[in-house]
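Subject: The structure I promised you

Hi,

Here is the structure we talked about, so please open it before you read on. My notes on it follow below.

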Amino acid sequence: MSPTPLRIGLVGAGGIAHAHMPGLLRLGHVTVYATDGAAELAAAFASAAAGAGSSITVVSSLEALLDAVDVVDVVTPTSAHAEVVRAALAAGKDVVSEKPLARTDADAADLVQRARDAGRKLFPAHVVRFFPAYVRLHEAVTTGLLGELAVLRFVRSGAFPIRTPWFADRALSGGIVMDQMIHDLDIARWVAGPVTTVSAVGVRSGTEAEPVEAAHVLLTHASGAISHVAGIWGPQHLPFSTEYSVTGTLGSLAHRSRDELDHVADLATPAAVDGFLPAVDPADDPYGLELAEFLAVMRDDHGDDGAAVGAPGDDGAGAPGNADAGDARSGPRAEPRVTAEDGAAAVRLANAALESMDTGQPVSMEGRA
């Protein structure tokens, strides 16, 4: 007997929802709740849903969504993450939440504790851990290929997200540090370990029509390694790009996404996705891999009680046609590569960087855990 397809609730319909939707449709039937844009999102993916043997339903309230689904994927603006995640956990749902897990340290810690108390899974969508270049970096570090890490450098740049005004409000979004650079803060901690001190500087310039924001964050790790993280939200013609260089006692590893742009330049990208998000290859979609891994862990943890992780006809391991969906290249995992605690740690690092920018002083991470 074929397993019952998973019922997935998607809360939010902005640009990042367009990145999540293809992977969700491969995993089950999707119900969408959003105050704006839900009908347009459903229409944009109607043919994809039919092709995947899935469906998209739009509902008019969060309560209706929670009544209709097995798991919840939260892709609302940052300031609403905590409220929606709390409601989903209270309704007994496992939750995937876009990064940052919450805007404040207190909210992030509260969500982690609520998920633990409820016995539910909570996964922050730190998708960069699923991009092949960063999987390769993590493997090089964990296998000892680079030796003891000494200096790490991460750069992430793209167009300022002017089409979505709340990004420019640091109180709501956390600005470039909380929204964009949190990816590299998370990766630095993932590969180099706990952070003891954070120092940061930042600047906002340009005009209201053409704003520019940049920041530099210096992390001192407990191991003695130093990470330099730089982020740029620039003019609208600036293409999205990332790079890193990591040096240890036995060698170095570097990556520049611009070296790969020719391979993805001709891919269709939804118009709703601004230039501050990367183009991805649909055949190797990190967003889809991320969601497949999270939902596979949820299935395994709850004993697969009838809700399948895969779409109808899939073997339940992840994206159809890819039995290796649990890793960027490997199968389902007993534990996810990113946890709720990781999400809360990334929020603490980002807020420490914002505090350092405001005070002009280094910020100790002691006591912030």
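**Salt bridges**

Glu243 and Arg153 form a salt bridge, with their closest N and O atoms 3.2 Å apart. A salt bridge here is a side-chain nitrogen of Lys or Arg within 4 Å of a carboxyl oxygen of Asp or Glu. Glu243 sits in strand β11 (residues 241-248) and Arg153 in strand β7, so this pair ties together parts that are 90 residues apart in sequence. Helices (H or I, at least four residues) and strands (E, at least two) are DSSP runs, numbered from the N terminus.

Before we go further: this is a predicted model, where local features need pLDDT of at least 70, side-chain atom pairs count only at pLDDT 80 or more, and totals for chains, interfaces and linings use all residues. Residues are numbered from 1 along each chain as its sequence is written, and side-chain values use heavy atoms, with hydrogens and water left out.

Back to that pair: are its two residues buried or exposed? Buried means under 20% relative accessible area, exposed over 50%, and partly exposed in between (1.4 Å probe, protein chains only). Glu243 has a relative accessible area of 15%, so it is buried. Arg153, with 36%, is partly exposed.

By the salt-bridge rule the count comes to 20. Another one of them joins the side chains of Glu341 and Arg116 (2.9 Å, N to O). That pair links distant parts of the chain, with Glu341 in helix α12 (residues 340-359) and Arg116 in helix α6, 225 residues apart. Glu341 is partly exposed at 41% relative accessibility, and Arg116 is partly exposed at 46%.

Arg170 lies in helix α8, so here the parts tied together are 188 residues apart in sequence. Asp358 counts as exposed at 56%, while Arg170 is partly exposed at 27%.

**Two helices side by side**

Now look at helix α5 (residues 81-90) and helix α6 (residues 105-118): their axes come within 10 Å and cross at roughly 10°. Axes are lines fitted to C-alpha atoms, for helices over the stretch in contact, and angles run from 0 to 180 degrees between N-to-C directions. The two helices are therefore roughly parallel to each other (under 35 degrees; over 145 is roughly antiparallel, 65 to 115 roughly perpendicular and the rest oblique).

Which residues meet there? Ala82, Val85, Arg86 and Leu89 in α5 are in contact (heavy atoms within 4.5 Å) with Asp107, Asp110, Leu111, Arg114, Ala115 and Ala118 in α6. Some charged residues from this contact pair up too: Arg86, Asp107, Asp110 and Arg114 are linked in a network of salt bridges.

**Aromatic pairs**

Rings of Phe, Tyr and Trp (its six-membered ring) pair if their centres lie within 6.5 Å; planes under 30 degrees apart count as stacked, over 60 as edge-to-face and the rest as tilted. By this rule there are eight aromatic pairs. One of them is Phe130 with Phe294, edge-to-face at 6.0 Å centre to centre and 85° between the planes. Both Phe130 and Phe294 are buried.

Phe160 and Trp233 are also edge-to-face, with 5.1 Å between centres and 70° between planes. Both Phe160 and Trp233 are buried. Ring pairs link Phe160, Trp166, Phe167 and Trp233 into a cluster.

Cheers
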